[in-house]
Amino acid sequence: MAFVITSPCITEKAADCVEVCPVDCIELGKNQYFIDPSLCIDCGACEAVCPVEAIHHEDELKDKDQIFLEQAKKYFGV
Ligand code: SF4
Ligand code: SF4
């Protein structure tokens, strides 16, 4: 299980999440930041600091946001 970054990140991208992630698993992709689902330890630190509430737990993703989990997997090749 992992946290997932969704569409509000596309315009914000302040990277507060990158600074707090204890396992350094958040990277900037082409249009937004992505969380590596194979490394995320589910700590929730990133979710708490994101100013635009772009980060959600995989279990709480809306159907329309499932694409962002797929994009993260593709980005990291997992
Ligand atoms: S804190 Fe939120 S908006 Fe900023 S880079 Fe991270 S996910 Fe994107
Ligand atoms: S939940 Fe924790 S480990 Fe996973 S991406 Fe966010 S800060 Fe990093």
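These notebook entries record what I looked up in the predicted model above.

**Conventions.** I number residues from 1 along each chain as its sequence is written, with chains lettered from A and ligands numbered from 1 in the order in which they are written. Because the model is predicted, local features need pLDDT of at least 70 and side-chain atom pairs count only at pLDDT 80 or more, while totals for chains, interfaces and linings use all residues; side-chain values use heavy atoms, with hydrogens and water left out.

I sorted the shell by class, with Ala, Val, Leu, Ile, Met, Phe, Trp, Tyr, Cys and Pro as nonpolar, Asp, Glu, Lys and Arg as charged, and the others, Gly among them, as polar.

**Ligand 2.** I found 14 residues around ligand 2, the closest being Cys-21, Cys-40, Cys-43, Gly-44 and Cys-46. By class, its shell has 12 nonpolar, 1 polar and 1 charged residues.

I located Cys-17 in helix 2. Cys-17 counts as buried because its relative accessibility is 9%, where buried means under 20% relative accessible area, exposed over 50% and partly exposed in between (1.4 Å probe, protein chains only). Cys-17 and Cys-46 are 29 residues apart in sequence, yet 4.4 Å apart in space, C-alpha to C-alpha. Leaving aside neighbours within four places in sequence, I list Ile-5, Ile-26, Cys-46, Val-49 and Ile-55 as the contacts of Cys-17, contact meaning heavy atoms within 4.5 Å. Ala-15 lies in the loop between helix 1 and helix 2; this residue has a positive phi of about 70° although it is not a glycine. Ala-15 is buried, at 16% relative accessible area.

**Helix 4.** Which residues of helix 4 (residues 66-76) are buried? I noted Phe-68, Leu-69, Ala-72 and Phe-76. They lie on the same side of helix 4 because they cover an arc of only 105° around the axis, taken from the directions from the helix axis to the C-beta atoms. These buried residues pack against strand 1 (3-5), helix 1, strand 2 (26-28) and strand 3 (33-35). Gly-77 follows helix 4 and has a positive phi, near 70°.

**Charged residues.** I counted 1 salt bridge in the structure, the term meaning a side-chain nitrogen of Lys or Arg within 4 Å of a carboxyl oxygen of Asp or Glu. The side chains of Lys-64 and Asp-65 meet in a salt bridge at 3.4 Å, N to O. Lys-64 is exposed, with a relative accessible area of 59%, whereas Asp-65 is buried at 7%.

I placed Asp-36 in the loop between strand 3 and helix 3 (45-49). Asp-36 is buried yet has no salt bridge, and the nearest side chain of opposite charge, Lys-73, is 10 Å away; Lys and Arg count as positive and Asp and Glu as negative, while His and the chain ends are not counted. Not counting residues up to four places away in sequence, Asp-36 touches Cys-25, Phe-76 and Val-78.

Notes:
Helices (H or I, at least four residues) and strands (E, at least two) are DSSP runs, numbered from the N terminus. A residue is near a molecule or strand if one of its heavy atoms lies within 4 Å of it.
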